[in-house]
Amino acid sequence: MSGANDLAVLEKDLLAEIAGAGDLASLDAVRVSALGKKGRVSELMSKLGSLPPEERKNFGQTVNTLKTKVSDALDARKAVLETAALDERLKTERADVTLPVRLGPVAEGRIHPVSQVLDEVVEIFADMGFSVAEGPDIETDEMNFDKLNIPAEHPARQDHDTFYFAPKPDGSRLLLRTHTSPVQIRTMVAQKPPIRIIAPGRVYRMDSDQTHTPMFHQVEGLVIDESTHMGHLKWVLQEFCKAFFEVDEVKMRFRASHFPFTEPSMEVDIGAEAIGKPGQWLEILGCGMVHPNVLRNCGLDPEKYQGFAFGVGLDRLTMLKYGIPDLRSFFSGDLKWLSHYGFSMLDVPTLGGGLST
Ligand code: 2U9
């Protein structure tokens, strides 16, 4: 096949095959059969050498023109088939952009209510300018008791039902902290006032019944400077209660009490309308002005410095706010319970966006 006529027939055949290719795969088959190494157009080129010299130039040009035409027709058909294939896909594949994001296993996890309440409390006090301080769970007698004005013979030591470790050869013994107060002690020893911290964390007491677990959670606060007084204490606690229970007003009652580390000392009740139980009072925290002995024990001059401290049990606070009836369920590791009372990890409590959303 080398005559002009044959070439015209081949061109017509190839263009018809290209036009008739119904999908990209059959179009590619046509391309290979025409322009591939052993394709019909390529084979013509290999015949060039056997032609008489006077015919070569003309034949070569004609075959090249054919090659270009076929190649252009292939490209054009390919573009048409690709557009058709995309249109077909778009008809069947739809994305509803208004659907909620599917998170998969990430969405299954839950934040424990006590962790949620801890985050809420930290958010509220951070907004009032407090920083978060931390310390070890394993403490010394000195940090947990002595420096807090609770000497060896003090009855409060028995009240705390302490978990002690075995004594060391020198007679001293470590313990699991019974409150987070040693964190404030360490802060006062390490840095000069003004001090404005909260100390959240686990605490341990040998106590186990309906309303007590051997490990529970506290947040304590401490403010020390040269002029802080009880008015500031009352304001801070009032702002805390309003923000925490997410109400505009909260009734508060300060009752005289006694703690070795504060003088005067008070227990604080709130009007239970804050949690939808009008007419009742609920005890929620203890507080007072830091005892001069405690300041002295930390190297601060009580003539110059003063301030307030408070302590609140997080587990009880969590039960009150979220209506969880049984304290022991907090530590049962029950996934059904957690999926009911737990929080999504994406609902981070913020004062602007709402604490419990
Ligand atoms: C320093 C000085 C004073 C912390 C305080 C309370 C009152 C209090 C209880 C609340 C419920 C413990 O978890 S609970 O059982 N706490 O009533 N805590 S004043 O006073 C301090 C702390 C540290 C250096």
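I began with Val132, and I found that this residue stands opposite Ile198 in strand S4. I keep in mind throughout that the model is predicted.

**The sheet.** I looked up how S1 is joined to S4 (residues 195-204), and I noted 2 bridges between these strands, which run parallel. I then followed the whole sheet, which is open and holds 7 strands in the order S1-S4-S5-S9-S8-S7-S6, with mixed pairing. Strand S1 (131-132) and strand S6 (252-259) stand at the edges, and since each has a single partner strand, one side of each is left without a neighbour in the sheet.

**Two helices.** I turned next to helix H5 (residues 113-127) and helix H11 (residues 314-322), whose axes come within 9 Å and cross at roughly 95°. That angle falls in the range from 65 to 115 degrees, so I recorded H5 as roughly perpendicular to H11. On the H5 side I listed the contact residues Pro113, Val114, Gln116, Val117, Leu118, Glu120 and Val121, which meet Leu314, Asp315, Leu317, Thr318, Lys321 and Tyr322 in H11. Sorting the residues of this contact gave me 8 nonpolar, 2 polar and 3 charged.

**The ligand.** Which residues come nearest to the ligand? Of the 19 residues around it, I wrote down Gln218, Phe259, Gly286, Ala309 and Gly311 as the nearest. For Gln218 I noted a polar side-chain atom 2.8 Å from an oxygen atom of the ligand. For Gly286 the entry concerns the backbone, where a polar atom is 3.5 Å from an oxygen atom of the ligand.

Conventions: Residues numbered from 1 in each chain as written. Predicted model: local features only at pLDDT ≥ 70, side-chain atom pairs only at ≥ 80, totals over all residues. Heavy atoms only, no water. Axes fitted to C-alpha atoms, helices over the stretch in contact; angles between N-to-C directions. Helix = DSSP H or I, 4+ residues; strand = E, 2+ residues; numbered from the N terminus. Parallel < 35°, antiparallel > 145°, perpendicular 65-115°, else oblique. Contact = heavy atoms within 4.5 Å. Nonpolar A, V, L, I, M, F, W, Y, C, P; charged D, E, K, R; others polar. Pairing = 2+ DSSP bridges. Near = heavy atom within 4 Å. Polar contact = N/O pair within 3.5 Å; in protein donor to acceptor, adjacent residues only side chain to side chain.
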